[in-house]
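User: Please take a close look at one part of this model and walk me through its surroundings. Keep it brisk.

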Amino acid sequence: MKTMLKPKICYMVGLFSKNLGENNAIGIRTNLKEVEERFIETAIKELSIEPSKILFRDGDVFFYHSRIYKQFLDIIKRETKIFKTENELSKSYVAGLFDAAGSIKRSGVHIKGMNPSDELMLEELGIHTNGGRVLNISKFFMLMKGYSILLEITRLPGYERDSH
């Protein structure tokens, strides 16, 4: 049975793509409790993973499932085809990438571990990058607004009025 692509699943695949681990383990490592909670909620509600099957070890949260693992790898492999237009699925996937490996600093916005496929997919969505650094930050933020937890909890200068 194929996992239907839904925004919450795409977000989870985005997280997973930057946290590829051991065989059949789908997991994340994050310092953000909100990201961890969304990962767990999606696993339980969208993928029907039993709560007792979700494991915690050395700061990682993960579960084992060979079929879902293979499907997630297939989605990642085909990201440039699946997420080539701006829609809820691509916004969720990019938000997952960013929440898993992104940072907002004075030096700019960066996503660690970017590969050529990630860069091409982002370019198709109108996001320009150079070595993991996002060049058109405003467009990037607008793409993920409402989807990225990291973006939502980060206070950005000039965006104070958006929190009301």
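Analyst: Lys-105 sits in strand E4, which spans residues 102–105. The model is a predicted one. Lys-105 has a relative accessibility of 54%. The cut-off for exposed is over 50%, so Lys-105 counts as exposed. Gly-14 is 91 residues away from Lys-105 along the chain. Their C-alpha atoms are 21 Å apart.

Now for a buried contrast. Ser-148 occupies the loop that links helix H7 (137–144) to helix H8 (149–153). Is Ser-148 buried or exposed? Its relative accessible area is 0%. Buried means under 20%, so Ser-148 is buried.

Leaving out residues up to four places away, Ser-148 touches Ala-95, Phe-98 and Asp-99.

Next, helix H3. This helix covers residues 66–77, and Ile-68 belongs to it. The relative accessible area of Ile-68 is 1%. That is under the 20% limit, so Ile-68 is buried. Which residues does Ile-68 contact, beyond its neighbours within four places in sequence? They are Ile-26, Leu-47 and Ile-49. Ile-68 and Lys-45 are 23 residues apart along the chain, and 14 Å separates their C-alpha atoms.

H3 also packs with another helix. Two packed helices are described by the angle between their axes and the distance between the axes. Helix H1 takes in residues 7–17. The axes of H1 and H3 come within 10 Å. They cross at roughly 85°. Angles of 65 to 115 degrees count as roughly perpendicular, so H1 is roughly perpendicular to H3.

Which residues meet there? From H1 come Ile-9, Met-12, Val-13, Phe-16 and Ser-17. H3 supplies Tyr-69, Phe-72, Leu-73, Ile-75 and Ile-76. By class, the residues of this H1–H3 contact are nine nonpolar and one polar, with no charged residue.

To recap: Lys-105 in strand E4 is exposed.

Technical notes: Residues are numbered from 1 along each chain as its sequence is written. This is a predicted model: local features need pLDDT of at least 70, side-chain atom pairs count only at pLDDT 80 or more; totals for chains, interfaces and linings use all residues. Side-chain values use heavy atoms; hydrogens and water are left out. Helices (H or I, at least four residues) and strands (E, at least two) are DSSP runs, numbered from the N terminus. Buried means under 20% relative accessible area, exposed over 50%, partly exposed in between (1.4 Å probe, protein chains only). Contact means heavy atoms within 4.5 Å. Axes are lines fitted to C-alpha atoms, for helices over the stretch in contact, and angles run from 0 to 180 degrees between N-to-C directions. Angles under 35 degrees count as roughly parallel, over 145 as roughly antiparallel, 65 to 115 as roughly perpendicular and the rest as oblique. Ala, Val, Leu, Ile, Met, Phe, Trp, Tyr, Cys and Pro count as nonpolar, Asp, Glu, Lys and Arg as charged, and the others, Gly among them, as polar.
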